[in-house]
Amino acid sequence: MNNIEMKKHKEMEDLANFVPLKPYKFININPQSLPIVVDELITEAKQTKKFTCVCLNNVLEVEFIQESQSIITHIEISEDYTGLYKKIRELFLAIFDLSNTIQAWGNIYYNLVDYEDYPFYLYENFNKIQFVNIIEHFTIWYNGTFPHNESCSQILHFIDTDGPLCSCAHRPCKSLGDNWSIWMAIAYTFDENLHKGNDNRYACLAITKLAMIIQEKWSRQQVIDYIREHHFGQKSLARENELSTDEIKRIITGFPQDNDEGFDAEPGYAAFKHYHDLRPRFIYNNPKTASRRRTTELATLKRKIEARFFEKKVSPGRPVEQFIAELDLVLQKLHNESITNQQHIRKDLINTSIQNLSNTIQLSQRQSGSFGFDIIKKKKNCGRLVKRLRHKLKLTNIIIRKSDKSKVFHLGKLEDYRKKSEEYMEKTKAYKCLEINNPLPDLIQRTNKYLLNLRLAKWITQKQYETLCINSNEVELAHLYYLPKAHKPGTPLRPIISGLKHPTIKISKFLDELLRPLFDKMALKSTVTSGFELVKQLQKSSKDNMRQETLFCTIDVMDLYTMVPQVEGVLALRKMLEYFKLKQVGGLKIETIIRLSRFVMQNNYFSYEGQYYHQIRGGAMGSPLTLTVANCYMFFYEQQIIKQINNSGGLYFRYIDDIFIVINWPIRHLMKQIDRWNKIDENIKLSENVGFMADFLDLHIENKDGQLFTTIFQKPSYEPYYLPFNSVHPIHMKKNIIFTMLLRALRYCSIFQEYLNEREKLRMALLLNRYPNKFIDKQFNNVLSKLNIQSLTCNNYVNCRQEVIDSPIKEKIPVDYEKTIYYPSISSETNKFNQNGFVQQRQLLLKLITLLYYFNIINIVNQNGFVQQCQLLLKLLHYRVASTQLTVTQQQEARRA
């Protein structure tokens, strides 16, 4: 709406001045501001929970909304905050805290983005701050509070704007292009002219004023009463003075002019009549100036009062002098306090400045004395660049994700991700949308109630109940995200449900720790976990069954986790327990395990794109128990296939949802069998790849005229990234990387030339990660020396490789930290025995008692000073002595000691 149309309804010049709801003070922040002023603002910001922001050209106006008095802060956006950089950033952190509410007129988020080039820009916060757009709430409130007139021709009902037929003067928005501005909202609501302030600080006060009436849901009558109370009949400042004069005349007219008993009305009448001529025209804002002018102003006031008394031929008398004296004392006290406060503040500022200057001089002297005149280079803020990149990607609707099963990142469009997500959910039919109904509170209650019922029925112990029980403050609903499979055509997405704090995650981990070892034992012959295991199995089989027509087949089970039925998956766990003929596992009955598993599988909830979902089919890809359930389901599904392959002299191995088969069938017969396997279970769909070469896990396999050829397989999305050499990690970790990668090349590569190729590829990758060439050569030689290989040539490569493959692997024994106790200081003392079996240090016993008593292991001493629990000490000594290789006589002597 243009100004001409606006003036048809509101004559802005005739409106009253804008009136804030509460008093305020104004503080300006610029590069020349004192640090103590910013510190005071930081303190106030931390105590304030609601703010109003207005963004202008390189200026940010912020109002600290407090109960008694507001604070208007004028912050100049500049790159010159060298000395105040940390304090300005701390001020922004306090204002834009995630727990605070930021009010603005319009979408201030995009205005704040303009400040992203400045060092105090808060990238991590702006996407999560509670921004409240007051214009949206005001439009709804105003249209509801001030409806159309009865004579209005408006027929259609619009939400934000009126139609062209609307003739209501109090509703200015007539088309979609008309928007409420802050000055229009104030003018039409309160009959106030915001432009009369001529200061941007009034914009914050106006937004706060409108937000208050919206929050308190003012009615039309309340607005009218407010206008009558504050601006009734006011058209200009002259009109306001006229009303004030009329009010004074009315009071003077009603003042008693007749003398009553004991009361002389004439002097009082005269004094009150001319009071408005005596009142001060202005007030000095500077206490020092006001103190200096106090005597003069009081003398002038006294003279005026006496003149009014003399006009009525009345002696002023002593009361006037007493009044002036008391007023002088009051003003003097106020001026002294203000001056004293300012002196203290000025003194603190001077001391702070001197201290900062002294510290700067000392620091410069130390630097000049130690390092000369070194130039301090400004470090590049990589974290800030990453945050800016994230923000730019969000603005352009681009998603960057780490690709599935690789270290590279994939750049995709947000629309493509949403489309593929919808297609995936439609294809699997595994998710039920709950819209915006948050299932978390009900899930927490049901989980704790279910565990409590099991505890009351004594199906789980008290310790297990306390371990599995959840606290509502420590859990959160899982969320869904996708990882792109960049190595596959079409870039399909792998759904991942992140539920690290999901209410059922404790139960899932607990059951997985019980059941995973059982499955590993049951499926030991039909599963592989690494390419090295597959190499050993292929070597054994190729000696007798490898022919020119031998086929390699890799099969992928499509969407295994989401396609496994929940009921049948839990029944597969029961079959596994019946396979081992177990009645209890880890102190739990079989029925308890089945019930807990069913509860976990049927209570997978997550959020995605602002909506909540319930997984009604399969398990969550991210829950530990889902892997065990899927493996058990596949184990009983594949038994018929394994039997068929073994009867034909082939090999069958599986790793989760990837199957590898070696068979001597004709290719047509193999394809027919795969079609039959696809019909065994309607939930399992197989996608095969048949040929004379195959890629499985990280191993590439070929049939070269009946000879087995193997080497390392790397996906097309592979990038040569390893731990950089200049990182702060220990040097042994960098050595272990070279050892592991070269050992893998030696195990996987079946011929010497392929080993050399892989070794040079590894060298190039390490050089790209800034490993010195001498360091690489040295580690290559160390690997061969550790494997007892003096030199590796084309002639001895096959034999040396076979020795490495056949060499036993040292398995790490897991340590039970709950049961194993370490006494390093005790161990060092108790091992000090000589050849005759006597203790070298006779104070060993006293040291042990003192040590145990200090750590509250033995803390009960009787009145005679003897330790009441001596058996603990004897058991400890017996444990240490028995562990040493001593004779019986020596052990007896040690026990006596």
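Student: Which residue in S23 does Phe-696 stand opposite?
Tutor: Phe-696 stands opposite Leu-699. Keep in mind that this is a predicted model, where local features need pLDDT of at least 70, side-chain atom pairs count only at pLDDT 80 or more, and totals for chains, interfaces and linings use all residues. Residues are numbered from 1 along each chain as its sequence is written, and side-chain values use heavy atoms, leaving out hydrogens and water.
Student: How many bridges join S22 to S23?
Tutor: There are 4, and the two strands run antiparallel. Strands pair if DSSP finds at least two bridges between them; strands (E, at least two residues) and helices (H or I, at least four) are DSSP runs, numbered from the N terminus.
Student: And what order do the strands of that open sheet have?
Tutor: S22-S23-S24, with antiparallel pairing.
Student: Changing topic: at what angle do H17 and H23 pack?
Tutor: About 175°, with their axes 12 Å apart. Axes are lines fitted to C-alpha atoms, for helices over the stretch in contact, and angles run from 0 to 180 degrees between N-to-C directions. H17 and H23 are therefore roughly antiparallel, a label for angles over 145 degrees.
Student: Which H23 residues meet H17?
Tutor: Arg-595, Leu-596 and Phe-599; contact means heavy atoms within 4.5 Å.
Student: Last one: is Thr-628 buried or exposed?
Tutor: Buried, at 0% relative accessible area. Buried means under 20%, exposed over 50%, partly exposed in between (1.4 Å probe, protein chains only). Thr-628 sits in helix H24.

Methods
Parallel < 35°, antiparallel > 145°, perpendicular 65-115°, else oblique.
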